[in-house]
Amino acid sequence: MARLHEYQGKALLAARGIAVPRGKAVSSADEARDAAAALLRDGCTEVVIKIQAWTTGRAALGGVAFASTAEEAAAHASRMLAMSVGNFPVSQVLIEEKLPIATELFVSVFIDDASRAPAMLVSLSGGSGVEERAGKVHRLPADVHTGLNDHVLATILRGSGIDEKNHHSLAVAIKSTFRAAKECEARSVEINPLVITKDGRVMAADCRVTIDDYAVFRHPELGIDIARELDHPPTELERIAYRVEQGDHRGTFFFAQLQRRGTADELVIGFHGAGGGGSMMSMDAITQEGFTLANFCDTSGNPSSAKVYAAARIILSQPGLIGYFGSGSGVASQEQYHSAYGLAKAFNEVGLDLPAVIRLGGNSEDRAVEILEGACKHLKVKVEGYKKDDTPTEVAQRFHTLVSEWRRAGGTARDVFKRRVPPFVGAASSTSFRLKRGTAWIDSAKCDATSRALVVQHAGGVLKDEGGRLVPAVPPDELAEKDSEFIAVEVEMIRAGHPVVFVDMPIQGIDSE
C-alpha cells in the first residue's frame, strides 16, 4: 500500500466536499512563520503544528504543538524539522487552524479481505484509544456500486445522541468518505476524528489514507512516487530501487531501508533475501547473531541476473556496512545461477572487501555456488556460497565468524562502494553491443581465439565468431534484451582468467553516468 501524508489525504477529502481545517504543509521555520501569520490574520486565535510522518502517537513524540503567535509556530516547526522518526528525518510539518471541537467521531473505510469487499466503520466517539471502544463501533453495509445504505446510517445517527441538526452534514461527510475511497482506489481511508465544531461545522480534523499499490499508476494526481508500503517517506535509494523494478519486470525486486540504532558498536550489514518466508527466517537468524540490517531486500520470482546485479549495487550504496548477508527460501523454483551471476558481477565491479555469505538454496544450487565462489576468488575477502541444506541459522553463525575474523584483522565499516569500469569500455578498439538497459563491451585488442571461443561458449547462442570477429547471432531487437546473457559471459570470463567482457549498466542516481 502507498501511504499519503495527512495534508495530502485532507486535500483528497476536500476535493470531494469534506470540510478540512485551513492550513498548509511547510518545510522550513520561515515558511511555518508565514503560514501561521496568515492564519492568525484571518481570524484564528491559535494554530496547531504537526509533523508529517507515518507514525502513530505523534503527540507523545513531541510532534504536535500549539501556538498563538507566528514566532512560536516557527520555533515549534524548527524543533520538529530537526526530529527523526526512526532513522528518517521529518521533512514537513502541517500548520493548521486549531478547531473549536465540540464532538468527535471516528470514520473508516477499508477493504475487508475476508469478504473481498469494502466495509465501513463508524464510532460515535473518536480520538485516541478507539480500539478500546470496539463495542461502540458500528459496521455499515457498503456496496462498491451503490455505496452506503442511507436507512442504516440514519438509524445510527438517530441513536447517537448527537443533535439532529448535525445529522445531515454528518451523513454527507460519511458518504463522501466512502466516495473518496472508491474514486481513489484506496485500501483504507480513516478520519479520526471527524468533528463537529462548537459553531456546528463538520470537519475532518485528521486523516490517514492508503492507496492500493496496483492502482497508483491510474492516479498521478495523488503525487505518489513509490507504490510501496513503507513506514517512512521514501529515501533516495528506495526511489532508485523502485525505478529499477518498474523498468524491469523479470521477477520481483523489493528494497526498503530500515531503522538503525546509531550506536558506535552497531554492526550494520546489507541484507539480500529471496522469497518472503525464507527471508523472514534469515532475518531472524542474522539479527540473533547481533547484526543490524541496513535494509530489507527481496529478489524472487525468478529474477534476471541484471535485476539481482542492480539490487546488490543498491544495497552496497548504503554507508557504514561491515558485511553482506544473502539468504532466502531454500525451495524456491527460481534458477539460482541467475542470482549468482548478478551478485558476482556486482561484487567484482565494486571490488568488494567486506565479508559476504550467500545462501543460494534451490534449483541449480550447486552450479550457483560454484559460479559465485569461482568468480569472487580474486577479491580481497572470501565470498562464501551455501545451499538449501545449510540452514539460515548455520549460515548466519558462519557469517558472524567471518565478520569477527575480518574485524580482528583490521576491517572496518566503509563508505559507499563505487563501481570500477575497465579502460576498454568506450575505447575505439573495443566492440560494443547496445542493450535495452546498457551496453556490452568486448576488449577486442585482448580477445584472442581462446577468449572468443569462451565467449561464444557461454553466450547462450547470442554471439558467434565470424572470421575472427564476435558478431550477434540473433536479430538486434532480440539482442537488446540479452543483458543477463552478457552478464553471464562477463562473469564466466572472469572465472576463466580472461576478463575481456564488461556489461556497462549504470544505475541512475548511483552512478555518475
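Helices, counted as H or I runs of at least four residues, and strands, counted as E runs of at least two, are DSSP runs numbered from the N terminus. In those terms Ser364 sits in the loop between strand 21 (356-359) and helix 10 (365-375). The model is a predicted one, and its chain holds 14 helices and 27 strands.

**The chain as a whole**

- The C-alpha trace of the chain spans about 90 × 50 × 45 Å along its principal axes, and of the 513 residues in the chain 53% are buried.
- If contacts in the chain are taken between residues at least 6 apart in sequence, 69% of them join residues at least 24 apart.
- The chain has an accessible surface of about 22600 Å², and carbon and sulfur atoms account for 51% of that surface.
- The chain carries 57 positive and 66 negative charges, and the mean positions of these two sets lie 1 Å apart.

**Nonpolar cores**

- The largest nonpolar core has 87 residues, of which Phe347, Leu352 and Leu372 touch the most other members.
- When residues up to four places away in sequence are not counted, Leu372 touches Ala340, Leu343, Ala344, Phe347, Ile358, Leu360, Val383, Glu384 and Gly385.

- The side chain of Glu349 is joined to the side chain of Tyr309 by a polar contact of 2.6 Å.
- Apart from neighbours within four places in sequence, the residues in contact with Glu349 are Tyr309, Arg313, Lys418, Arg419, Arg420, Phe502 and Val503.

**Backbone features**

- Asn192 and Pro193 are joined by a cis peptide bond with omega at about 10 degrees, and Pro193 is part of strand 13, which covers residues 186-197.
- Arg116, a residue other than glycine, has a positive phi near 55 degrees, and its place is the loop between strand 8 (101-112) and strand 9 (117-123).
- Arg116 counts as exposed because its relative accessibility is 78%, where the exposed class begins over 50%.
- Ser364, although not a glycine, also has a positive phi, of about 55 degrees, and with a relative accessible area of 25% Ser364 is partly exposed.

**Val152 in helix 4**

- Val152 lies in helix 4, made up of residues 150-158, and Val152 counts as partly exposed because its relative accessibility is 26%, a value that falls between the limits of 20% and 50%.
- Between the C-alpha atoms of Val152 and Arg139, which are 13 residues apart along the chain, the separation is 9.8 Å.
- Leaving out residues up to four places away in sequence, Val152 touches Leu140 and Pro141.

Note on methods:
Residues are numbered from 1 along each chain as its sequence is written. This is a predicted model: local features need pLDDT of at least 70, side-chain atom pairs count only at pLDDT 80 or more; totals for chains, interfaces and linings use all residues. Side-chain values use heavy atoms; hydrogens and water are left out. Buried means under 20% relative accessible area, exposed over 50%, partly exposed in between (1.4 Å probe, protein chains only). Contact means heavy atoms within 4.5 Å. Accessible areas come from the Shrake-Rupley method with a 1.4 Å probe; for residues, only the protein chains shown count as cover. Lys and Arg count as positive and Asp and Glu as negative; His and the chain ends are not counted. The place of a charge is taken as NZ of Lys, CZ of Arg, CG of Asp or CD of Glu. A polar contact is a pair of N or O atoms within 3.5 Å; within protein, one must be able to donate a hydrogen and the other to accept it, and residues adjacent in sequence count only if both atoms are side-chain atoms. A nonpolar core is a set of buried Ala, Val, Leu, Ile, Met, Phe, Trp, Tyr and Cys residues joined through side-chain atoms within 4.5 Å.
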